[in-house]
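Open the structure in your viewer and keep the selection tool at hand. The stops below say what to select and what is there.

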Amino acid sequence: MTSAMNTQNKGFPYRWILYLLAAIGTVLIVKRFIYGIGAVSNLNDAYPWGFWIGIDVLAGIALAAGGFTLTAAIYIWGNEKYHPLARPAILTALLGYVIFVIALVIDLGRGILIWHFFLPWMWQHDSVMFEVGWCVMIYLTILVFEFLPSALERFNWKTLLRLWEMFTPVVVVVLLSLFTYVMTYSKTWTTTVFIMAVVFELLQSIRVIPRSRPVPVLLIMAGVILSCLHQSSLGSLYLIVPHKLDVLWYSPILPVQFLISAIMVGPAMVIFEGLVSARVFRRQPELDLLAGLAKVLPFLIASNLLLRVADLVGRGAVVAAFELNLKSVMFWMELMIGGVIPLALFGVPEIARTAKGMFWGALLVVVGLFLNRFNVAVVGIEARGWETYTPALTEILISAGIVSIGLLAFRFIVRNFPIYEKPLVLAGK
Amino acid sequence: MKAMLIDATRCIGCRGCQVACKQWNGLEGEETSFLPSQKETAGEFANRGYQNPRDLSAKTWTLITYNEVEIKGRLEWVFGKLQCMHCGTDSNDRNKWPACVVSCPVKALEKTPEGPVIWHEDRCIGCRYCMLACPFQIPKFEWHQAWPRIRKCTMCYDRLLHGQGALWEPACSKACPTDAIVTGQRDALITEAWRRIRSNPGDYVNHVYGEHEAGGTCVLHLSNVTFDKLHYPTNLPNKSLANYTNWAMKGLPYVIVTLLAGMAGIYTVRRSKIEAEKQFSPGIESEARDHD
């Protein structure tokens, strides 16, 4: 994330920092594939998951939530004025997921075998990891379909664009049904989902239900379903470790907490990114639209905070928050930075309307989410007393390298494809 | 279902089982040192300093632990044995599967009907979720290999299946000179464990570790001191950890259908309203939408 913040400095050669970080990261990744994960990380038998899972996977995926929350607001709720923000949010989500897959292949010991997820005789639908894997793959496909119009418009391929509009619903119906079948092995559920999707599509085509054009609403709906499942399943991953995760974070409603906090960070990320990218690409930020999102944020932050506190009280874990140790300090930092302070900032309309206020508020929400996921994955995990884990510098550099590659890709795509509605000023660099 | 019974009161700490395990499974030796690690307190060092090596690893699948315990005013060694507990008592019931088996996305870990939990090299993708999930911290990883494997005790599955004559029992159990480790049918061993407890009053704590822990394991322990003194996890539930996660997986289709129906409903209502507004007052449509 340090690289993302560098991008605000106008005139500062942030681009070269990204290239440098990407180069360092690439060298370390090569080292990892030759000498093993132990050569570039402090992960060990007591802490098999660490920084990479916490930051690249848990936090990274949550930050991609801007894609599904915003598209849901625009295409399903019908808040069309936010349309200019949709494509950047979809692009962020797409790149976020691509980065995530790269990071995953590095973190997996035998990542090249990731296609084992597709082999029916290896399917193990009781595993949360299995759900996570399938959600990633199907949602990534859906994101590609959501992104395609930008690419097709760029090259002015009108026929392909029409084909896209025609065939996307078919692809979505197949993907949704396939996903349901793989997760349940149940013909009844699969048929139910298949029929629901087909009927909805047919009702649209005979105009009983208004048709959404040009973006098929079923595509957006599938994106929302897969996102909700994916975000919550990342929390479900930790359901199996009641004996290892500290009471401050372990909760039977972890999946719900992960989903709600992802929905909270979605708009915050859109605001943050909208302001930063406006600065970087020298364009006018959509201030009025971003301020509209900022109006929703206090409610989302408050719900997330309320759920968190109610859960702690309900499980009688509040006592643990008042012991003085690293865990409780990290817990309070998470609660203050990601909850209380931004709630106060966004709660005051005079602050929430200004670009500066929105920037800092959104940044705090994002940082708070990072802290939360890092706490679940690293700080909250208890191994036996003598075993420790502190992320290695090389671990952090690999993550920074991958994120830098993602930001450079974002920059390239924004400059070459119709992502922002307001034209870019491409003077200078 | 096969199981092992490990009786701490019979163990003399010879570590013949460790050697036998390395020999049968062809595991490399470890470089060890007799120095406390950075984070070890004096107490922890006193407990772990004398065991060799310090902990299980990809190269060491079983380990005799040295625990200094005060018994009736005297300090005595009580020996524990770390190895895979081969959780689960029913390979067919998904709700009773071991945590590692339930967490594996590609069926690389398998609870066999014979009892042992084994790992399949041709399936594993190296996600290490089994390591996180295991309540006994048993699966280990080859951190310094380009093509790493998950390594752990197999209860000498090859011997159990194909062993001829006296070679059928696991190597560690075969090597044990005092019969501190015996192998047999799980039910029979539980009966035997309780027989030992009942017929030797005062010699054992009244607990067969593994009978109910994590839903019941195929490795059972007896001891003369409480099991926390042997540093075995004592905060485990009496049902399989699978139960903590499979409800979330079973709820999945309900979530899909609810979201699909809910969003279709919201879309229909909202879209119809917006279209109606457009028809009646095409001029102020954008304003009307701004009120949302």
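How many Å separate the centres of domain 1 of chain B and domain 2 of chain B? Taken over C-alpha atoms, the separation is 62 Å. Keep in mind that this is a predicted model.

To see these two parts, select residues 2-87 together with 152-246 of chain B, which the domain assignment gives as domain 1. Then select 251-290 of chain B, assigned as domain 2.

Next, show chain A beside chain B. Here 64 residues of chain B are in contact with 66 residues of chain A. On the chain B side, the elements that give two or more residues are α3 (99-103), α4 (129-133), β6 (140-141), α8 (242-250), α9 (252-280) and α10 (285-290). Select α9(B): it gives the largest share of this side, 18 residues. Coloured by class, the side of chain B that touches chain A shows 38 nonpolar, twelve polar and 14 charged residues.

Now move to chain A and select helix α3 (residues 51-63) and helix α15 (residues 355-379). Their axes come within 8 Å and cross at roughly 140 degrees. Angles over 145 degrees would count as roughly antiparallel; α3(A) and α15(A) are therefore oblique to each other. The crossing is right-handed.

Show the side chains where the two helices touch. From α3(A), the contact residues are A:F51, A:I53, A:G54, A:I55, A:L58, A:A59, A:A62 and A:L63. From α15(A), they are A:V366, A:L369, A:F370, A:R373, A:F374, A:V376, A:A377 and A:V378. By class, this contact has 14 nonpolar, one polar and one charged residues.

Methods
Residues are numbered from 1 along each chain as its sequence is written. Chains are lettered from A and ligands numbered from 1 in the order in which they are written. This is a predicted model: local features need pLDDT of at least 70, side-chain atom pairs count only at pLDDT 80 or more; totals for chains, interfaces and linings use all residues. Axes are lines fitted to C-alpha atoms, for helices over the stretch in contact, and angles run from 0 to 180 degrees between N-to-C directions. Helices (H or I, at least four residues) and strands (E, at least two) are DSSP runs, numbered from the N terminus. Angles under 35 degrees count as roughly parallel, over 145 as roughly antiparallel, 65 to 115 as roughly perpendicular and the rest as oblique. A crossing is left-handed if the near helix is turned anticlockwise from the far one by less than a right angle, and right-handed if clockwise. Two residues are in contact if their C-beta atoms, placed from the backbone, lie within 7 Å. Ala, Val, Leu, Ile, Met, Phe, Trp, Tyr, Cys and Pro count as nonpolar, Asp, Glu, Lys and Arg as charged, and the others, Gly among them, as polar. Domain bounds come from an automatic or database domain assignment.
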